[in-house]
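Dear colleague,

I am handing over the structure we spoke about, with a short account of what was found in it. Please have it open beside this message as you read.

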Amino acid sequence: MQTLILVVSLLGSIAFCKGTINGMTRKFTIRDIAQLAGVSIATVSRVLNHKPDVDPQTRERILHIMDVHSFAPDLSAVQLAGSPSRRKLSSPHAFPPDFLWGAATSAYQTEGAVREGGRGPSIWDTFVREPGTTWHGETGDVAADHYHWMLDDVALMKELQLKAYRFSVSWPRILPQGNGPINACGLDFYDRLVDALLAHDICPVATLYHWDLPLALHEQGGWLTRETAYAFADYAELMARKLGDRVSWWVTHNEPWCSAYLGYGIGTHAPGIRDFSSAVLASHHILLSHGLATERIRAHAQTEAHIGITLNLTPIYAADESEATQQGVEQLDVLHNRWFLDPLFRGTYPEQLFNNLGVAPPAIKNIDMQIIATPLDFLGVNYYSRSLIRTPLRTQHYEPVVPVPEASYTQMAWEIYPQGLSDMLLRVQRDYAPSAILITENGAAFEDSWDGRGHVPDKRRVRYLHEHLLELETVLKQGVPISGYFVWSLLDNFEWTDGYSKRFGLIYVDYITQRRIIKESGRWYAAFIKEVTATN
Ligand code: FCB
């Protein structure tokens, strides 16, 4: 990096890529970027060199302008500086031939059509209507209208060279009341989706619960009651009977931490309850439902089923060596990771969990932990970022380090930290040894803009994905059994409380017309998959 700093500061107006300024085509310089951003050349240089002391908004503005004008630092300078994004896969690379190269979405975030085809309401339909819950009061009513664009979207998946697609089934589309009468029209939608995927040689990976609990079940107590766990198992069996002849990869729950902690603990997600006792009770019933559903899918799917659960895992790091920080690392690790890993793999909750949250353990029946720890065929891991903490001098309390010096951030204000993915995978392998792992989500939101024609430049997303894939290859070589990788997300979509303000897609969605435009990252991912699979 030293070399790059030197090159950039010596040659303040060093020529980079081509761009158009005032109608004239000539090479863009750092000076041009500085002018457009209304900052000094030195500030642009600091951003280029990942220096910490640029405020996040200015950094974001500068990076955005660079993206829009396809401005990239001179390659030789970057190479000299050993920039990680120029690292390459090893030769031969470590990805196995049957690796599931995919992208992911979820029902409420993409389907829209919430009142069509006999779908019942879910807790998200009502939550988003409460004032102040989402950005500008936005809802998933229309989202990316995937319900109607499904065949076009599958064709786009093919264009992206995807080998697998992870989607979620909307429970209230199948069972509008959560249990009882089946909605044939809802089943038909997923039936057609699965057939379309298979016709394009794309492997379907079905998630049964991505947070859209049928409202009717919530009104009977939702995840605070055991009955919901049994209702979920019935729904899982139904899906296994209907799709289990063609779907062989099943994820029971997506990120139960979010369902329990955000939904029932701090109330920032549906159903908006703020009570830690409720959060641990909900988590227990969700885990129980996972174990019950696993047995039922195994018993009723007609093809060999791979059944797992997806956790959002966040590695926690200490920025100093104080005792308070070390304790903080352990506490946060229990809260973010072990809360779900321990019961699933060891059949126990971490001892400190309930104490740390200041609550009594939930009512646990004798058989529960055994059901929860039913062996998994794979663990799904969603990885976005890490957490770094420190304890300021003369205090006893740890706090997050924000912003992290030298770090880059996505639009979610999540630090970009690819190494966290490999650190977390090695740790999971060492401590829990799952028989297989799928990276079920990884991706980034940036302020993408579409030029109105066919181009959405998003080099930062390309770089984000590339760097994470390189980490993945590193751990594959160390023997971690990773079977697939899914970019979040296939399409821009409804990002929960952030509404449509955050775009994660490989494909841009113009929400006015629902037109889809493959972003530069989508094209890059397609080329990457093609290259990797060609050399298998
Ligand atoms: C994950 C969710 C997914 C999406 C991404 C950005 O926590 O599973 O639905 O919102 O974050």
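In this predicted model, a polar side-chain atom of Glu495 lies 2.7 Å from an oxygen atom of the ligand. The protein covers 94% of the 290 Å² of accessible area that the ligand has on its own.

Turning to the strands, you will find an open sheet of three, arranged in the order S8-S10-S11 and with mixed pairing. Strand S8, covering residues 316–318, and strand S11, covering 399–400, stand at the edges with a single partner strand each, so one side of each is left without a neighbour in the sheet. Strand S10, made of residues 387–390, is paired with S11 in the antiparallel sense over two bridges, and Arg390 is found opposite Glu399 of S11.

Which helix lies across S8 and S10? That is helix H15, formed by residues 323–346, and its direction is at about 175° to that of S8.

Definitions and conventions:
Residues are numbered from 1 along each chain as its sequence is written. This is a predicted model: local features need pLDDT of at least 70, side-chain atom pairs count only at pLDDT 80 or more; totals for chains, interfaces and linings use all residues. Side-chain values use heavy atoms; hydrogens and water are left out. Two strands pair if DSSP finds at least two bridges between them. Helices (H or I, at least four residues) and strands (E, at least two) are DSSP runs, numbered from the N terminus. Contact means heavy atoms within 4.5 Å. Axes are lines fitted to C-alpha atoms, for helices over the stretch in contact, and angles run from 0 to 180 degrees between N-to-C directions. A polar contact is a pair of N or O atoms within 3.5 Å; within protein, one must be able to donate a hydrogen and the other to accept it, and residues adjacent in sequence count only if both atoms are side-chain atoms. Accessible areas come from the Shrake-Rupley method with a 1.4 Å probe; for residues, only the protein chains shown count as cover.
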